[in-house]
Amino acid sequence: MAHFVLTFLSRLARKLGMALLLASLALATYSLWLFGHERVGYPERRALAMQVIETESTSVRGQLAELNQRHAAIVLELETQQQRATQADKILKTIREHGAGALGRLFGDEDELKAHDDRIAQVESLKSKAQARAIELQREFVAGEAARAALAERLAWVEQEERALKKEKYPAEHYLRVAWNEARSLIIAVFIVYLVGDVVLAAILYYGWATWVSRGRPVQLATQGNASPVVSESAVVVDTTLWPGEVLWVRPRLLHAADDGLSRRTKFLLDWRAPLSCMAGGLSRMVELRNTRSDGERNVVFANGDDHFAELALVSVPEGGAFVLRAGFLMGLIVGREQAPVIRRHWRLFSWQSWVSGRFGYFEFSGPCRLLVSCVRALHADTLLARDDGKPVMRRVAQAGIIGFSPRVEFKPVRSEGFLRYCRGRAPLFDLHLVGPGVVLSREAAEGRSRDHLRIRLFKFLGL
């Protein structure tokens with residue numbers, strides 16, 4: 001636990017230091033840009049700035065003095081109006097107390113009653129006017145307070161600028177200060193984005209993008225063909241036999257040894273219907289070995305001449321079966337007598353699964369044939385069959401580890417488990433969810449940190 005805390009604090013300190021360095025570089029760059037676009041020298045610039053600041057200070061102080069006078073007048077008039085309203089209340093109370101009662105209104109003098117009512121109406125009118133004027137003055141008071149606060153803030157900034165100009169001794173101080181005042185928000189944004197931008201972006205990708213993609217429909221390349229291929233144990237050296245009439249196409253560096261009696265020539269492309277894919281996948285200028293004799297089988301030994309620790313395996317696809325394989329891992333192909341290789345291409349250009357995985361085309365090899373597969377790490381074959389309850393077996397595997405699978409297997413990318421592992425780069429954004437029946441060929445997971453290419457590309461685009 002202590003080691004984890006120290007590691008976290010060390011990384012945080014390094015990142016904080018780098019964020020400060022980037023913010024400082026941004027500030028220095030903008031100040032140099034201001035210096036380069038300056039049309040006058042620093043002394044003239046400083047004198048002009050002092051003149052502008054003094055003029056601004058005089059203007060703000062004058063406006064503030066006028067507002068203070070207006071404020072005092074409003075306060076005085078507001079007190080006067082409030083006193084008038086209070087006095088009118090007292091007068092009304094006195095008049096009503098000394099007025100005629102109910103009997104007096106029935107049997108009293110009409111002129112006296114009318115004069116009494118007119119006096120009450122007069123006083124109430126004075127009270128209403130005083131209260132209305134008091135409300136208007138209160139509104140003016142509030143607006144004046146806001147204007148006074150704005151002018152006071154402006155005056156404080158002007159005085160601060162004036163003090164800063166008087167303290168400046170070098171041009172660098174001036175341009176750094178101006179750059180900070182003009183680009184403060186941008187520089188702080190650069191600091192925050194570098195400090196926590198990768199975490200925020202990782203959270204958006206993990207909880208937003210990945211969640212949405214995981215809800216998509218799975219992809220299934222074919223629905224027919226029940227025969228499942230058989231995958232041999234992976235090893236550094238693999239040998240097999242070519243029966244009479246069988247043909248082998250293999251990459252030159254994988255051919256370790258072969259018996260005499262096999263005719264040899266060069267095959268420029270494995271499949272002329274997809275020349276670009278074959279050249280991009282390394283399936284060009286392959287060695288062709290053909291067993292044209294009828295006196296038995298001939299042995300062929302395979303080993304990776306460039307990497308002596310690379311693992312190889314043979315995938316035997318029976319008749320009626322098929323196997324989808326990434327072209328970069330196909331090292332050789334063996335087909336039977338007078339039989340052309342049946343290779344189909346499946347394109348998925350308008351599928352989110354393809355855009356997420358970066359794989360838009362798939363090679364499907366139909367049986368009967370044998371496929372030589374090679375990888376720098378150990379190869380594992382996993383058979384997905386139906387369970388006792390009739391439901392298919394499901395697997396979650398690393399998307400980068402899949403080499404080949406049966407075309408009947410449904411697959412789709414799903415969000416990887418554990419945000420912290422993804423955020424720390426220990427896991428990719430997507431795993432692959434597989435649903436049988438069929439065979440899945442994968443390679444052993446690499447040790448160390450996982451490389452999430454989507455996140456890396458976004459970080460590079462944003463400059464993180």
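Guide: Helices here are DSSP runs of H or I with at least four residues, strands are E runs of at least two, and both are numbered from the N terminus. Ser 57 sits in helix H2. The model is predicted: local features need pLDDT of at least 70, side-chain atom pairs count only at pLDDT 80 or more, and totals for chains, interfaces and linings use all residues. Numbering starts from 1 along each chain as its sequence is written, and side-chain values use heavy atoms, with hydrogens and water left out.

Stay with Ser 57 for a moment. Its relative accessibility is 7%, so Ser 57 counts as buried (buried is under 20% relative accessible area, exposed is over 50%, partly exposed is in between, with a 1.4 Å probe and protein chains only). Beyond neighbours within four places in sequence, Ser 57 contacts Leu 155 and Val 158 (contact means heavy atoms within 4.5 Å).

Now the charges. Side chains of opposite charge can pair when their charged atoms come close. The rule for a salt bridge is a side-chain nitrogen of Lys or Arg within 4 Å of a carboxyl oxygen of Asp or Glu. It gives a count of 17 salt bridges.

One of them joins Arg 70 and Glu 140, at 2.6 Å from N to O. This pair links distant parts of the chain: Arg 70 is in helix H2 (residues 42–97), Glu 140 is in helix H4 (residues 110–167), and they are 70 residues apart. Arg 70 has a relative accessible area of 39%, so it is partly exposed. Glu 140 is at 29%, so it is partly exposed.

Next, Glu 364 and Arg 344. Their closest N and O atoms are 3.6 Å apart. Glu 364 is buried because its relative accessible area is 5%. Arg 344 is at 39%, so it counts as partly exposed.

Glu 288 pairs with Arg 290, the closest N and O atoms being 3.2 Å apart. At 4%, Glu 288 is buried. At 27%, Arg 290 is partly exposed. There is also a network of salt bridges linking Glu 77, Arg 133 and Glu 136.

On to the patches. They are made of residues with over 30% relative accessible area and no salt bridge; like charges are joined within 9 Å, and nonpolar side chains (Val, Leu, Ile, Met, Phe, Trp, Tyr) within 5 Å. Lys and Arg count as positive and Asp and Glu as negative, while His and the chain ends are not counted. A charge is placed at NZ of Lys, CZ of Arg, CG of Asp or CD of Glu.

Arg 11, Arg 14, Arg 424 and Arg 426 form a positive surface patch. Arg 424 lies in the loop between helix H8 (419–423) and strand S18 (430–435). Arg 424 has 38% relative accessibility, so it counts as partly exposed.

A nonpolar surface patch consists of Trp 180, Ile 188, Ile 192, Val 196, Val 200 and Ile 204, with about 500 Å² of accessible area together (areas come from the Shrake-Rupley method with a 1.4 Å probe, and for residues only the protein chains shown count as cover). Trp 180 is part of helix H5 (residues 171–214). At 33%, Trp 180 is partly exposed.
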